[in-house]
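The sequence and structure come before the details.

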Amino acid sequence: MPQASSLFIRLEFRLAERLFQNRWLLPRSERTQRLTMRLFKRCAEAGHPDALSVYGHMLFHRSLSPQDKARGARYVVEAAQAGDVKSQYQVAQIYEHGCAQYPRREDYAVTWYARAAQSGHYLAAERLASAFRLGELGLSIDASQAAYWEQFAEHHPHNDVTAA
């Protein structure tokens, strides 16, 4: 039975994605938006990695309540731990800037930027190059490391995973 529920969750996620991205499927309305968000929420609560990333990002960046922002950050961290590259970059930014639930931790930010960069996220590689060039994120100025990450970014320019 877990396969059936997993299939249902995947189908719900696909529907939520379609509703979110395609205005032609259903007209944009308050009702459609509520349905879309409910579907994303159900899928995220079921642990669907892409739903954790998408819904978590929406909650973290668009919610007004601190509780929703915290839940969004938690979902993004879960997606990053599951290997979602976009979420790894987002977690690095969360730790670089800090938030209520995840205080600023430059060492964690560097770790998450490196994970995302090694998975092909060019913005993460660019951030590491900049950090080594300028001595940011608790890193020492290191021209060779800056050059390494700049070269890494050049070899992974603008892949699909670049959307933050």
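Arg-104 is partly exposed, because its relative accessibility is 48%, which falls between the limits of 20% for buried and 50% for exposed. The model is a predicted one.

- Arg-105 is partly exposed at a relative accessible area of 32%, and Asp-107 is partly exposed at 41% relative accessibility.

**A salt bridge between helices**

- Arg-133 and Glu-150 form a salt bridge in which the closest N and O atoms are 2.2 Å apart.
- Arg-133 belongs to helix 7 (residues 122-134) and Glu-150 to helix 8 (residues 143-155), so this pair ties together parts separated by 17 residues in sequence.
- Both partners count as partly exposed: Glu-150 has a relative accessibility of 33%, and Arg-133 has one of 42%.

**Network and total**

- Salt bridges connect Glu-96, Arg-127 and Glu-136 in a network.
- The total number of salt bridges is seven.
- In general, side chains that carry opposite charges can pair when their charged atoms come close.

**The second largest pocket**

- The second largest pocket holds about 220 Å³ of space.
- Its lining consists of 12 residues, and those closest to the pocket centre are Phe-20, Gln-33, Met-37, Met-58 and Arg-62.
- Helix 2 (30-45), helix 3 (49-62) and helix 4 (66-81) are the elements that each give two or more residues to this lining.
- Helix 3 supplies the largest share of the lining, with four residues.
- By residue class, the lining of the second largest pocket has five nonpolar, three polar and four charged residues.

Definitions and conventions. Residues numbered from 1 in each chain as written. Predicted model: local features only at pLDDT ≥ 70, side-chain atom pairs only at ≥ 80, totals over all residues. Heavy atoms only, no water. 1 Å grid on protein atoms, 1.4 Å probe; cavity = no way out; pocket = protein on both sides within 12 Å on 5 of 7 lines; lining within 4 Å. Points joined across faces, edges and corners; volume = space filled by probe spheres on them. Nonpolar A, V, L, I, M, F, W, Y, C, P; charged D, E, K, R; others polar. Salt bridge = Lys/Arg side-chain N within 4 Å of Asp/Glu carboxyl O. Buried < 20%, exposed > 50% of the residue type's maximum accessible area, 1.4 Å probe, protein only.
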